[in-house]
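Here are my notes on this structure, written for a reader who is new to such models. Please keep the sequence and the 3D view open while going through the numbered points.

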Amino acid sequence: MGLEFVLSAFFELTYDRQVGFGAGPIPWNSIYTYGVAHDMRGEDLEDFIFLIREIDHEFMAYHKEQSDKQRKG
C-alpha cells in the first residue's frame, strides 16, 4: 500500500462525511469498508484505517482553524 493510494482513498472517502453545522469526520465504517473492498486484511487494514484517520484529523483541524480566522475577520 503506497501513500498515493492512501491519499487517493482519503479524497474519495471525504464524500462520506456527515454534514450538518459543519463537516464531520469520515466515519470509521466507511474507511473499513473501503479497505476491505480493496482486499486489505489484518495489519494492512489497521494501518490504512490509522493513516486515513490521522489525515482526517489534520484536515478537520485545518478547516476549523480557517473557519475561526474567517469569523474573527
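1. Lys69 counts as partly exposed because its relative accessibility is 48%, where partly exposed lies between buried (under 20% relative accessible area) and exposed (over 50%), computed with a 1.4 Å probe and protein chains only. The side chain of Lys69 meets that of Glu65 in a salt bridge, at 3.6 Å from N to O; a salt bridge here is a side-chain nitrogen of Lys or Arg within 4 Å of a carboxyl oxygen of Asp or Glu. Glu65 is likewise placed in the partly exposed class, with a relative accessible area of 42%. Both residues belong to helix H3, where they stand 4 residues apart, about one turn of the helix.

2. Before going further, please note that this is a predicted model, in which local features need pLDDT of at least 70 and side-chain atom pairs count only at pLDDT 80 or more, while totals for chains, interfaces and linings use all residues. Residues are numbered from 1 along each chain as its sequence is written, and side-chain values use heavy atoms, with hydrogens and water left out.

3. The protein chain has 3 helices and 0 strands, and from the N terminus on its elements run α-α-α. Helices (H or I, at least four residues) and strands (E, at least two) are DSSP runs, numbered from the N terminus. Along its principal axes, the C-alpha trace spans about 45 × 20 × 15 Å, and 23% of the 73 residues count as buried.

4. How many salt bridges does the structure hold? There are 4 salt bridges, and one of them joins Arg17 to Asp56, with the closest N and O atoms 2.5 Å apart. Arg17 lies in the loop between H1 and H2 whereas Asp56 lies in helix H3, so this pair ties together parts that are 39 residues apart in sequence. For orientation, helix H1 covers 3-13 and helix H2 covers 28-37.

5. Are Arg17 and Asp56 buried or exposed? Both of these residues are buried, and for Arg17 the relative accessible area is 10%. Their side chains also make a polar contact at 2.5 Å, a term that stands for a pair of N or O atoms within 3.5 Å, where within protein one must be able to donate a hydrogen and the other to accept it, and residues adjacent in sequence count only if both atoms are side-chain atoms.

6. In helix H3, Lys64 and Asp68 are 4 residues apart, which means that about one helical turn separates them, and their side chains meet in a salt bridge of 3.0 Å, N to O. Lys64 counts as exposed, at 51% relative accessibility, whereas Asp68 is partly exposed, with a relative accessible area of 22%. Together with Arg71, Lys64 and Asp68 are linked in a network of salt bridges.

7. Asp44 is also found in helix H3, which covers residues 42-72, and counts as partly exposed at 46% relative accessibility.

8. Finally, Met40 sits in the loop between H2 and H3 and counts as buried, since its relative accessibility is 7%. The C-alpha atoms of Met40 and Gly24 are separated by 25 Å, although these residues are 16 residues apart along the chain.
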